[in-house]
Amino acid sequence: MVNRSELREQAAKAEAQKQPLDAAVLYERAGDLERAIALYTRGGVPTRAAQLLESSGRAPQAAALLTSLGRHLDAAAVHDRARDYAKAAAALLRGGQRERAAAMFERAEAWSDAAKLYASMGNRERAAQLFETAGDRDRAAELRGVAAPTPGETTDTSAPVEVATGAVMDAGQLVAAVVAMLRAGKVDDASRLYVTSQEDVGYGILAAVAGGGPQQLAAAKMFEAARDFAKAGECLEGLEDYAGAGAYYERADDAFMAAEMYLRAGDQERAAPMLDRSGNPAKAAELFEATGKLDLAAACHEKAGHVLAAGQLYAKLGNPGKALQLLQRVPREDPGWLRASRAVGELLAAHGQAAVAIGRYDEALKGASVTEQTAPLFSHLATCLEQAGDLTRAASVLRQLAAWRADFEDAGHRLVALLKRTAAPATPPAAAAAQAPGPAGSKGFDQLQGQEVFQALSPAQLRDLHAICEVRSYQPGEPLAEAGERASALFLVLRGAVRVAVPSAQGPKVLGNVGPGTPLGLVHLFGAATNPARLVADGEVDVLAISAARLAALLAADDQLALRVYRNASKSLALGLLAGGGVAAWVGGAG
């Protein structure tokens, strides 16, 4: 999981370096939408800022931002999605879209405002109808050029409209004529009249047929025949036929609206290329990936600047050259740098460049401990080391991984298998006991059995383990191990006390004494090549000593024993302490 505090630190750094867009992206990923919105606006991407405002439930602020930047049509779209149709109409007016504004005022049921607009555009009949709806019968009669009817009288508006050849009509008459033809099913005649008209009456027609299902459908066919696909799309959008509307908008080359319609229709496959064409390659990449079109997804990720995602997809598609080119562009400060490093290493190793992959992993893991983020790199580093023939170091890396979590990418079993390849044949327990310089006999068996690191071992496994132990005795002041010398054994204190000291700039620093029942040197199970501390007998001391080499051979000969020991040891010691030394790295849980 991405660490949000780290993302905020990276964002602050990018902001300080006057990189507002980089900072905005990082703040957005960190969940700090306020900073992201401010920086997107400052960085010249107000549409993204508005999208964040709208998606977080602040549509009015989103529209206000767009209006302040003169993006009136975008502001209208935001108001429309928020169902604030009156404000959408006002924004359309500011954007010079009078016909659309009139239709939007109708959606807002602002009848008088819509009527005034229609009247100003010459659509007197529609204006009169709306004034009547608003209750202003005098204005309606004035537009029709007749006195207002007295109560009880009706005006016959159902007479068929005949259009004489060469007749000159104003916009209102054109709209009325076209609508009458549509109602009569004369789509072709309506289309010819619409195409040959000198007036822009498209939005007037849309307003006149709004809410009438068959008439809207007929209007869509008329607009299609007239090759006015955008208005055909608006007709079907009003009928909630979003797939059909998307197809019309696509034919009108309005990729933004086509994408919007296809998304409403749930058609991700058709929405993806429209999003790409409308300048939203990041969202297009998501949809291409979701629909299995990985080549197009990779191209869109690259176009959007998402080099990690693009590189990973190109690798999956079998284009290692392109993948490496992109993955190596991921900057170290990017949260995805470790994932990019693993992908680079895997590609290099797969093409016979294990040594180069090891170098990349060493660079990425320098000073790092095993965590959820670094574990995949440690795991593949071990694989590369095996390929390169460095089995000793591979085993050391797997020990660290198994200490963290033995079941991660089968680290425990891999370690056991590797130990079998590297260790000398295990000495039979009986022979090992006979060869030991100071055979333990039965001494220390109970203490060994009580150690946390050897819990859950069978009686036979405990006997085999005890058989390779030896009892060693030390006089006061005699060292058991020197700091910095090659590690050779694990110890279990049987009697007396052992002083633990570590080197420091001021000389040896005593960390404390440990007594009977305390295990020392568990770090050697996890690949420590040298002793991190000096161990000295503080008085007469007896210990049970286990040769590190003999233990490795025993573990290599028994998979279950090895897995239990490593799993138990990982519970006793934190990996950071294992790597860093100190008394905590030497002392495990006492039995």
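**Note on the predicted model: helix pairs and two touching residues**

1. Which residues make the contact between α1 and α2? From α1 come Arg 4, Leu 7, Arg 8, Gln 10, Ala 11, Ala 12, Ala 14 and Glu 15. From α2 come Asp 22, Ala 23, Leu 26, Tyr 27 and Arg 29. By class, this contact has 7 nonpolar, 1 polar and 5 charged residues.

2. Now the chain as a whole. The protein chain has 35 helices and 8 strands. It holds 591 residues, and 44% of them are buried. Take the contacts between residues at least 6 apart in sequence: 50% of these join residues at least 24 apart.

3. Helix α18 spans residues 255-264. Its buried residues are Ala 255, Ala 258, Ala 259, Met 261 and Tyr 262. Where do they sit around the helix axis? Seen down the axis of α18, they fall within an arc of 165°, so they line one face of the helix.

4. What covers the buried residues of α18? The cover includes α16 (229-238), α17 (242-251) and α19 (268-277). After α18 comes Gly 266. The phi of Gly 266 is positive, near 75°.

5. Helix α19 belongs to that cover, and it also pairs with helix α20 (residues 281-290). The axes of α19 and α20 come within 8 Å and cross at roughly 155°. The two helices are therefore roughly antiparallel to each other. The crossing of α19 and α20 is left-handed.

6. In the contact between these two helices, α19 supplies Gln 268, Ala 271, Ala 272, Pro 273, Leu 275 and Asp 276. They meet Pro 281, Lys 283, Ala 284, Leu 287, Phe 288 and Ala 290 in α20. By class, the contact has 9 nonpolar, 1 polar and 2 charged residues.

7. Further along the chain, look at Arg 564. This residue lies in helix α33 (residues 559-572). Is Arg 564 buried or partly exposed? Its relative accessibility is 28%, so Arg 564 counts as partly exposed. Leaving aside residues up to four places away in sequence, Arg 564 touches Val 453, Ala 456, Leu 457, Ser 458 and Gln 461.

8. Arg 564 can also be placed against Gly 412. The two are 152 residues apart along the chain. Their C-alpha atoms are separated by 9.3 Å.

9. Gln 461, one of the residues that Arg 564 touches, lies in helix α31 (residues 459-467). Gln 461 has a relative accessible area of 8%. Buried means under 20%, so Gln 461 is buried. Again leaving aside residues up to four places away in sequence, Gln 461 touches Asp 558, Gln 560, Leu 561 and Arg 564.

10. The contact of α1 with α2 has 5 charged residues. The contact of α19 with α20 has 2 charged residues.

How values were computed. Residues are numbered from 1 along each chain as its sequence is written. This is a predicted model: local features need pLDDT of at least 70, side-chain atom pairs count only at pLDDT 80 or more; totals for chains, interfaces and linings use all residues. Side-chain values use heavy atoms; hydrogens and water are left out. Contact means heavy atoms within 4.5 Å. Helices (H or I, at least four residues) and strands (E, at least two) are DSSP runs, numbered from the N terminus. Ala, Val, Leu, Ile, Met, Phe, Trp, Tyr, Cys and Pro count as nonpolar, Asp, Glu, Lys and Arg as charged, and the others, Gly among them, as polar. Buried means under 20% relative accessible area, exposed over 50%, partly exposed in between (1.4 Å probe, protein chains only). The arc is that of the directions from the helix axis to the C-beta atoms. Axes are lines fitted to C-alpha atoms, for helices over the stretch in contact, and angles run from 0 to 180 degrees between N-to-C directions. Angles under 35 degrees count as roughly parallel, over 145 as roughly antiparallel, 65 to 115 as roughly perpendicular and the rest as oblique. A crossing is left-handed if the near helix is turned anticlockwise from the far one by less than a right angle, and right-handed if clockwise.
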